[in-house]
Amino acid sequence: MATQSSDSRHWYYLALALLGGWLVHLLSPILAPFLISALLAYLGDPLCDRLEEKGLSRTLAVSLVFIALLLALLLMLLLVLPQLEAQISYLLKQFPGYLEWLRNHVLPWAQKHLGLIGQLQDLSLVQELLAEHWREAGGLVKGLLSSVSSSGTALLLLLMNLVLVPVLTFYLLRDWDLLTAGVRVLLPRRFEPTLVRLAQESDAMLGAFIRGQLMVMLALGMIYATGLWLLGLELALLIGMIAGVVSFVPYLGLILGILMAGVAAVLQFHAIEPLLGVALVFVVGQVVEGAVLTPKFVGDQIGMHPVAVIFAVMAGGHLFGFFGVLLALPAAAVFMVWLRHAVGRYKLSRLY
């Protein structure tokens, strides 16, 4: 009887897990603002707790943190986005000229010295099409707004998300401790101490990793953008920010940044000498990241091999798309905590 009761509970838990996964799949189109709000609330909760310890009420502490988050977001929108839009517009404007230079100089050299047979007519056709239509592309924001406005549903959804994220973030941040306490009450009493301990370890690792990794990405983006700007590269901010954002995958920011900056430097200066400066910028960035940024902000929070990190990111992207890429490493951090617990239990078992 005891075995049957245990088996029935297992089937019950499995059915609940499958039902939950099915509901998440059905509701996935509307989950984005809730996920973003939950992430912002999770990142802001420790600061609210510190303000509460200084004697502030929860509502006042949440209000101060919420205002700080909004100001930081507005500052980024006002200072960074116009510069990025200007650089993207510059890239669209110069692209026909880049193709013309490639057609007249690089491809003939490649044909002569490397024996490559290039389709110059095809490249010329691409250049002519881009030269004809680049003005129609306009700015990045204008193109985004025009494409969104063409669909009333998409525009309404965008506006709803813009309103929902701040509202959801405020309420989740205010009631975060109550929500976590409510989840703890629902845990089975038999497993509650173990689950709480694992949750606390996961929270400590996850919070430190996410905050630290965001700081590393921002610092690397600034280092790359500043270095490329000192070299005189017109697309310094755009390339630096892209390389900084993708740096959460080991070596991807370095490789992608060198490739983009190298191509941009050759196309802009029509010479290969600036490649040495580009390489120096990214080497300095990697040295600073390894010696200062990662030890200071992240440390060894996950302890995963770079191959495992790359696999986690690729698997997350394959299974869940863009949000899977974003959630891959946090999920891997939690998985490492539970894996260490499982290995510890295994070593204490008779099987080991």
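α8 supplies the largest share of the lining of the second largest pocket, 8 residues. The model is predicted: local features need pLDDT of at least 70, side-chain atom pairs count only at pLDDT 80 or more, and totals for chains, interfaces and linings use all residues. Residues are numbered from 1 along each chain as its sequence is written, and side-chain values use heavy atoms, without hydrogens and water.

**Chain**
- The chain has 12 helices and 0 strands (DSSP runs: H or I, at least four residues; E, at least two).
- Of its 352 residues, 27% count as buried (under 20% relative accessible area, 1.4 Å probe, protein chains only).

**Second largest pocket**
- About 730 Å³ of space lies in this pocket.
- A pocket is an open set of points on a 1 Å grid where a 1.4 Å probe fits, with protein on both sides within 12 Å along at least five of seven lines; lining residues have an atom within 4 Å of a point.
- Of the 20 lining residues, Trp-176, Thr-180, Ala-199, Gln-200 and Asp-203 are the closest to the centre.
- α2, α7 (176-186) and α8 each give two or more residues to the lining.

**Nonpolar cores**
- The largest nonpolar core has 23 residues (buried Ala, Val, Leu, Ile, Met, Phe, Trp, Tyr and Cys joined through side-chain atoms within 4.5 Å).
- Cys-48, Leu-173, Phe-248, Val-313 and Leu-329 have the most contacts inside this core.
- Beyond its neighbours within four places in sequence, Phe-248 is in contact (heavy atoms within 4.5 Å) with residues including Gln-213, Met-217 and Val-309.

How values were computed. Buried < 20%, exposed > 50% of the residue type's maximum accessible area, 1.4 Å probe, protein only. Points joined across faces, edges and corners; volume = space filled by probe spheres on them.
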